[in-house]
Amino acid sequence: MSVVWGIFLKRVEKESLVKSFLLFFSSQTLLIAILFFTNYQRELQTLDNQIFAQMRICSFNLQCKNYKIGFVNTKGHELYKLYKNENGVSSYFSIPSSKKHYLKIYLNKKEYLQKIAKIKKTLLVQFLILEFFIALLSFGFAFYTLLPLRNALRLTEEFIKDILHDFNTPLSTLRLNIAMLKRSCATNKQIPRIENAIATILALQTNLRSYLHSHSHQKEQFDLEDFLRERVALIQENYKDIHFEIAHTDATLMTNKDALTRIIDNLLSNAAKYNKKDGKVHIQFENNILTISDTGKGIRNPKRVFERFYKEQERGIGIGLHIVKKLCNELGIKISVKSVPKEGTSFSLDLSHL
């Protein structure tokens, strides 16, 4: 079976499949439930009519196997009508030889409820059988509606793979030429800027590769503080004027290290990139919450930062934090952001499920 029909669905595909299934199934179930309730009311009416017809026949021949017979005063009782009360159901019929009494034919409450329970059981079995077929039909419809989304995702992934492949040759050429240029013009101040630009492209390439793969099933155990110091050391090479502070922690994580690396690297590089001169980045882990705070420019609209292509600065293309959000969803990490323009930004990662 091809990848498109593979066993493992991506998170967005699972979400789409579940929502489509629930929409089909719930709407059909509601319709069927209304029809069965209407049918139940009709069956009760049919039962009452049947009981009354049997009582009437019984009043002629008095051969009442399923009903009991009694006599009541004529006052307060109406003939040829089915009564329901806490004792059961009953009906009254005239006696030719008596003007003071009526013939009472009745069915006790227990026997009447048994007949109703039988109707309920029959309808419930029919309802469950129908629900089973509706569930199958809903799943078929949901999976069918999922196909356009899966095809679109496949085309997107193929496009990204082609872009990544095309990156390799020019990037290799650039890195080779920069290395040659450094040997001949080591004092040129433009070379570090070019190297930083290349590093940014390489980071984007790595982020796009992470975007293509699912990481939720690939886990390893590692020390959080060692991991953070390792990532900070690499980021700090490109931002010498930014001071990074890491609060001590003894925490150990069990998750996909590569995906978490992409998350932390994006957040740390953004905290440094959009910080003020001689700014600070503070990293703290407390109560299972990892917080990365900076003293930078801040974000005008924090609610939109995880949208694809949204950006408030000229630098970048606006997909870094979108990828961060996707990776957090895959790893089961809840991410939130607080920001004050011109004061700084704080990202919080809830790692309680790792």
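A salt bridge is defined here as a side-chain nitrogen of Lys or Arg lying within 4 Å of a carboxyl oxygen of Asp or Glu. The structure is a predicted model, in which local features need a pLDDT of at least 70 and side-chain atom pairs count only at pLDDT 80 or more, while totals for chains, interfaces and linings use all residues. Residues are numbered from 1 along each chain as its sequence is written, and side-chain values use heavy atoms, with hydrogens and water left out.

The chain has six helices and 11 strands, where helices (H or I, at least four residues) and strands (E, at least two) are DSSP runs numbered from the N terminus. Of its 354 residues, 36% count as buried, a term that means under 20% relative accessible area, whereas exposed means over 50% and partly exposed lies in between (1.4 Å probe, protein chains only). Among contacts (heavy atoms within 4.5 Å) between residues at least 6 apart in sequence, 67% join residues at least 24 apart.

Side chains of opposite charge can pair when their charged atoms come close. The structure holds 10 salt bridges, and one of them joins the side chains of E78 and K81, with 3.9 Å from N to O. E78 is partly exposed, at a relative accessible area of 43%, and K81 is likewise partly exposed, at 39%.

A further salt bridge links R229 to E225, whose closest N and O atoms are 3.0 Å apart. Both residues belong to helix α4 (residues 224–236), where a separation of four residues corresponds to about one turn of the helix. R229 is partly exposed at 41% relative accessibility, but E225 is buried, with a relative accessible area of 10%. In helix α6 (residues 320–331), K326 and E330 are also placed four residues apart, about one turn of the helix, and their side chains meet in a salt bridge of 2.6 Å, N to O. E330 is buried, its relative accessible area being 18%.

A nonpolar surface patch of about 500 Å² is made by V125, I129, F132, F133 and L136; patches consist of residues with over 30% relative accessible area and no salt bridge, like charges being joined within 9 Å and nonpolar side chains (Val, Leu, Ile, Met, Phe, Trp, Tyr) within 5 Å. I129 is found in helix α2 (residues 109–184) and is partly exposed, at 46% relative accessibility.

Note on methods. Accessible areas come from the Shrake-Rupley method with a 1.4 Å probe; for residues, only the protein chains shown count as cover.
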